[in-house]
Amino acid sequence: MLRPSWRRGVVAAIAALLLTSAARADIVRPPKFDYKMTTLANGLQVVLLEDHSTPITHVAVWYHVGSKDEKPGRTGFAHLFEHLMFKGSKNIKPDQHPSWITSIGGEANAETDEDSTIYWETVPAQHLPLALWLEADRMASLDVSEDKFKTEREVVKEERRMRYENQPFGRLQEIIFDKAFTTHPYRHQTIGSMEDLEAASIGDVREFYRTYYVPNNATMVLVGDFDTGEAMNLVERYLGRVPRGRTVPRDIPREPQHTAESRFTVSESWPLPAVVVSYHITYDGHPDAYPLHILAKILSDGDSSRLYQALVYEQQVALAAFGEAKLIEHPNLFFAVAIVQPGNNPASVQQELLRQVDRVKTEGVTADELNRAKRQFARDYILGRESVRQKALHLGHAAVIHNDIKTADGEFDLFQNVSLADVQRVANTYFTPENRMLLTVMPQTGPSVGGNGR
Amino acid sequence: MSRLAKILGAGVALAAVLAVHAAAAQVWPSEGPPPPLAARRVKFPSYKIKTLANGLQVLFVPYHEQPSLSYRLLVRAGAVQEPGDKPGVASFVAAMLNQGTTSRSAKEIANTIDSAGGFLGVGSGNELTFVNGAVIKDQTDAALALVADVAQRPAFAEDEIALQRRQALSALQVGYDDPEYLAGAVFDRIIFGLHPYGRPNEGTPDSIARLTRGDLTAFHQRWFAPNNALLALVGDLTEDEAFVAAEKAFGSWARRDVPDFKLGDLPPAAKRVVIVDRPGSAQTEIRVGHLAIPRTHPDYIPFDMAVRILGGEGANRLFGVLRTDRGLTYGASADLHTFKVSGEVVAETDTRSAATGETLRLMVDEFARLQKEPVHPAELRGAQDFIAGNFPLSIESSSAIAEQVLSRLFYGQSLDEIETYLDRVGRVTTEDIQRVSRQLLKPDQLSIVLVGDAAAFVDQLRRLGFTDYDRIPIAQLDLDSPTLRSTAGGRVPPA
């Protein structure tokens, strides 16, 4: 499946906790992760965290490949490939992987986003060997038939129709990123375009597998009710024998510096207009990322946030108004969206949205707002670490995307040090006219056909 | 290096890589899955229930994973308790709860909960209204005081009503363009007819436009009482701390007489086929099913197992037939939804317009096959093994634990059911499945909803023999009308 959007909240929350010292004494800090990390001879990184609160274990394998690694004409391939990982390997028949897992009461799935692909199982603790064996078999010996490939390609096309083309506002993100980027593959959505999905071949599958699905491009995270020594022996036994692959290419085109504001108006078969303001920002892990996260919270988290208060509650010009600092592996976007209430002029709602966002440059934010955002981060941080799967997501993200496992806990403190001045500074750094895009999506009148990428 | 040498060199390197891969493929062993480790003991977490002097039932589940507390207050009133001509009252009341109380403005409520590091949600369903959320545990008292205030003393200020009315109407405008929302709402209407279970919980553009402040306050005064509510607290507190906090926040809520409420009889099975025509749709959203049993029916467990074989985790024939074998959809499932006095079986999927007929035929066939043929023992075992094995996963999160206790309390079932559930699931036989499928499954009374581009698939339906269908243009859809068609003009509310 495509990585659901709640995960962005979780990732934001990773970063989360705490900004200035004022809140430090206030907030209950969640327990630190007591993990072990090692790398096998074949290059597989392994992170283990014992958690005996419930007799279950979560196994996640992160492959450091996502839709930003796709080549032109093959958009959507990383995600399509994810589906194929359930279609059989040397010792596992097609679709047998999930049925084995459900037969022991476990749950299994996979998610793809721009930067990574995660395969996971949560199982009753005694079934850890089965989960490891299943992951090892498909890492070493995937074997997909042409028939299975073609059927699954149809499934993914239905997924695209369902999530993007057949629901109101389903293509909003697709339009924003397509317009905001010119060069970097973040321009396209992980689902890809129908034409590219149709053009994908079984030859592409084999090449992609050889290139990216190698232990030296993977990180395994185990969280649950196991003994670390025993689990490590099992990982070594099942995953240690997978041969190392070639060095993974990282030839991803960079987005050039934008030099002028861009404006677009398009139409879609949606019931209400949507207006967007976006700015190019930095990447996850950059020192500016932390104040940007806080700024996004002040603008958008909860009914007390600035965008809700101004556009939905006070002026009553928007059905919904929200913003997000999408901080991922490569530089990405801050974007704010308002769904326009009937009877209002989209252009003036967009101006108001812009005014609310840009106001931070001159006025900054208040100490109360900063403290509130800190508490909200603390909440997300704490509530986002209840389950073994959530814990594994934080560890995996730190190890793979930050390439620094210590950030799984350490970002807590980075946030504590963010100041009012930092928030205003990043607004001035990134919210410049050259970095800006203004987009308006008007409802189309009359019947229309669902869009299909660009 | 000469050009030739380069080419040769590259060739040699490539050959070496291929050799490595070939060797790897050869050495990768043929083998079966490994045996499990020793099994752990699993017990449902301890919990405690107390009833305050005012009749409020309080459930506490200790949960020490993180320094947090989650809370949920359930009031035993929802859409079915609304006056018949005012669908949407319950959900409108819910939406107003956090929009101002007699002592706090909407803005103060938002600021209080956000600054505490918590969240507060409100909503309603067929039979209940809820206030829920979670907070960092050092703000337990502040959060519970807020929950108690919004439940007891919503102000229902006229200007806030006006704003929420606009929001609700715009949300409905978006909903009426959302095939998933439409398919569910139309399906419930044709299964339950004009019985309260068939009401659209969100109301309709017409009913929302007509609601008055009096409708809202009357509903609130009638049903919101501590003796008509349940409170669940799950989190990092001691039992004493939890009950003291509950008493402090809710103890002063005055007990009140709540009217007896009895639902009317269910309509006879409907067997209608409705197409909501939405030109330009990329997919057809499909619902197939019929009226079924309430939660307390003696055959609930075997019938639920039968429906799981049709479309639930651990078995799911629909997923196999539609997705795995044919690539017709991304998702397919069947569920048994049960309420206090009735329920419904609903199978759902979505598919490209061109495959609508084929997909619908396959779904209808699976209903018939489940009734006609005994299920394979391996299928039943698959569904049973999933439920049994999944037990330790089902008690991991604080919300999942609370849910299992609350649903039994709410439906008035014995709490022993939590302990005996797995045994009763394990005792179901293929004969039981066959018996309940014959008695309770109705393949010849299926109602069908298709939301999509009718012009693209009606010919497919005719070829399959579905000639008796009602095709309703999306602009004429009226969920309040028995015919589902509006007699007046369009449905879109005035801006």
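Visitor: Which residues does A:Ala318 touch, not counting residues up to four places away in sequence?
Guide: This is a predicted model. Contact here means C-beta atoms within 7 Å. With residues up to four places away left out, A:Ala318 touches A:Leu311, A:Val312, A:Ala338, A:Ile339, A:Val340, A:Gln341 and A:Val349.

Visitor: Is strand 3 of chain A largely enclosed or open, and how many of its residues are buried?
Guide: Look at its two faces. A:Ile56, A:His58, A:Ala60 and A:Trp62 are buried on one side. A:Thr57, A:Val59, A:Val61 and A:Tyr63 are buried on the other. Strand 3 of chain A is largely enclosed by the rest of the structure, because the buried count is 8 of 8.

Visitor: What is the bridge partner of A:Val59 in strand 6 of chain A?
Guide: Strand 3 of chain A pairs antiparallel with strand 6 (residues 218–224) of chain A, over 7 bridges. In strand 6 of chain A, A:Val59 has as its partner A:Leu222.

Visitor: Which element gives the largest share of the side of chain A that touches chain B?
Guide: Here 68 residues of chain A are in contact with 71 residues of chain B. The largest share on chain A's side is 9 residues, and it comes from helix 6 of chain A.

Key. Residues numbered from 1 in each chain as written. Chains lettered and ligands numbered in written order. Predicted model: local features only at pLDDT ≥ 70, side-chain atom pairs only at ≥ 80, totals over all residues. Contact = placed C-beta atoms within 7 Å. Helix = DSSP H or I, 4+ residues; strand = E, 2+ residues; numbered from the N terminus. Buried ≥ 20, exposed ≤ 12 C-beta atoms within 10 Å, placed from the backbone. Pairing = 2+ DSSP bridges.
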